[in-house]
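Hi,

Here is the structure I promised to pass on.

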Number of protein chains: 2
Amino acid sequence: MSGVLYPKLAVIGCGLIGGSIVRAAKASGVVGEVAVAEINPAFRARLEALQVADCITGDAAEAVKGADLVVLATFPSVLAKVAAEIGPHLKPGATLTDVGSVKAPVAEALSEAAAEGVFVIPGHPIAGTEQSGPDAGFAELFRNRWTILCPRPSEAPGYGAAVERLTRFWEALGANVELMDEKHHDMVLAVTSHLPHLIAYTIVGTAEHLEAVSEGEVMKFSAGGFRDFTRIAASDPVMWRDVFLLNKDAVLEIVARFMEDLQHLTRAIRYGDGATLEDHFARTREIRRGVIAAGQEMAEPNFGRDKART
Amino acid sequence: MSGVLYPKLAVIGCGLIGGSIVRAAKASGVVGEVAVAEINPAFRARLEALQVADCITGDAAEAVKGADLVVLATFPSVLAKVAAEIGPHLKPGATLTDVGSVKAPVAEALSEAAAEGVFVIPGHPIAGTEQSGPDAGFAELFRNRWTILCPRPSEAPGYGAAVERLTRFWEALGANVELMDEKHHDMVLAVTSHLPHLIAYTIVGTAEHLEAVSEGEVMKFSAGGFRDFTRIAASDPVMWRDVFLLNKDAVLEIVARFMEDLQHLTRAIRYGDGATLEDHFARTREIRRGVIAAGQEMAEPNFGRDKART
């Protein structure tokens, strides 16, 4: 037991991630009172029915009053606006964090909105499913996943202790915590998450537009690889629009490299250069072994998902 | 119970697919004697230790003698050579099939190799894991997966009955069977399997070459999407080299369309065109619903793999 770390938690935006934080924080006993602000009235009604928090309101300023930890879990594009709205209502000594997939532009906006005495510590739990909405959250979402915190260059007294407390909070939710520079975070995520999503969104669209192969056939015979992409390409459209626009520079750089590499392999196919293909494919297989060794995949039993699902 | 459909089954090449066919066929009771030919001596020794078949040999011609069903499960690039080698040893009335991911060029080679009176019915079970080798096979691999058969334009007496029998064989192994023109098969698979693999192989290589982000970081934070690609990119390098070279025309056409589509989305990111991104992402989400409806994905409980794995 960690004991209560934050007597009052306020979560702004209660979809998959916000809803999971609320559920996990309550389950782990690290918070006392929990307030949730959710702008969508239909979501709010559903959250009330689910009784996920002590206070459920449409007014973010009301929710954060007296809160010791404020987590912004809204769409990335409205983060700055919401931060400005709640800024004057934050209590001195409170910690303000977020959960978005892009950190540098958001971190700046949070610091601008927060008064002196509020500890701004941008964060990003690397966890999710393709579900969204008030029913999507669950308390186990963060277990054994990484949460990256990006402390700001602050010399305020108590800032280091605030970072430590937020680290313990995430650990109590089951996560492993890594501290990282915010710009570096945005580059790491461009590779490990944003490019994979862009690729998956693209390929699913490409398949949809074919004349020679029907959509029904694509779905029916998707087990050969395509199916995995459809899962990723079912992620929340608005959130991902925001992510790509906010992390534009890093994403464009990575996409350019990817296209070069794809053209390199495509050229090998065109000219029958089997050695180039085989060399490349053998190397990527090694990387998979690294992913398993890093504990980011079931190490055993040693089979693919196709088997696991039968 | 289907009863014995083929008194003797011969499988040439005993890796993931060949080894799974042998195990599934024995378990379901649709074959009597089972002979396996495997060219790799180390694999052969392991297959003997596992006792997967009644006869395990390095000589394909010996294995097919007297066989009623011969399944070629070797690397695609050596299929034509192996077919020519066993051709003279096939018994009249035997069925010759294969399991490769490309059908049109292979079908022609099989028909050339087989004497009159042998029923050539190319096939392709759409099932697999990223594992390979003698230990990779398991009897349940084909359960609830599709197997596509591509009957040739034959007017030989008994050909229709041979197709029906092979259909019943695959059904006994747990598969759903679909008949399809071989050229159409190659286009369908280019979209649903070959392009996804090429993309996954590419992106994993792109990540490896970055200077700003270490390989360790890529692995550690791979849960945001990248991890799924590493699984696909761990598939057998030699087999996939062969698939791309054999299905060159269809793959190049699909890759060209994919690149156009990726450039379209990339351009929207560059110019801040959020509406184009959101429209596209909302559409691909619908396709996911179709995949679930087509029974190619768990329909419920309704959560992503991240949750299932915790």
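Some housekeeping before the rest. This is a predicted model, where local features need pLDDT of at least 70 and side-chain atom pairs count only at pLDDT 80 or more, while totals for chains, interfaces and linings use all residues. Residues are numbered from 1 along each chain as its sequence is written, and chains are lettered from A and ligands numbered from 1 in the order in which they are written.

The axes of α12(A), residues 274–293, and α10(B) come within 8 Å and cross at roughly 140°. (Axes are lines fitted to C-alpha atoms, for helices over the stretch in contact, and angles run from 0 to 180 degrees between N-to-C directions.) That makes the pair oblique, the word for whatever is left once under 35 degrees is roughly parallel, over 145 roughly antiparallel and 65 to 115 roughly perpendicular. Helices here are DSSP runs of H or I with at least four residues, strands are E runs of at least two, and both are numbered from the N terminus.

On the α12(A) side, the residues that meet α10(B) include A:Leu277, A:Phe281 and A:Arg285; among their partners are B:Trp240 and B:Phe244. The residues of this contact divide into eight nonpolar, one polar and three charged. (Nonpolar is Ala, Val, Leu, Ile, Met, Phe, Trp, Tyr, Cys and Pro; charged is Asp, Glu, Lys and Arg; the others, Gly among them, are polar.)

Now the whole interface: 99 residues of chain B are in contact with 99 residues of chain A, contact being C-beta atoms, placed from the backbone, within 7 Å. α7(B) gives the most to chain B's side, with 19 residues. That side divides into 50 nonpolar, 24 polar and 25 charged.

As for chain A itself, it has 13 helices and nine strands. Its C-alpha atoms fill a box of roughly 65 × 45 × 40 Å along the principal axes. Buried residues make up 55% of its 310 residues, where buried takes 20 or more other C-beta atoms within 10 Å, exposed 12 or fewer, and partly exposed lies in between.

Last, B:Arg267 in helix α11 of chain B counts as exposed, because it has 12 C-beta neighbours inside 10 Å.

Cheers

Terms used: Contact = placed C-beta atoms within 7 Å.
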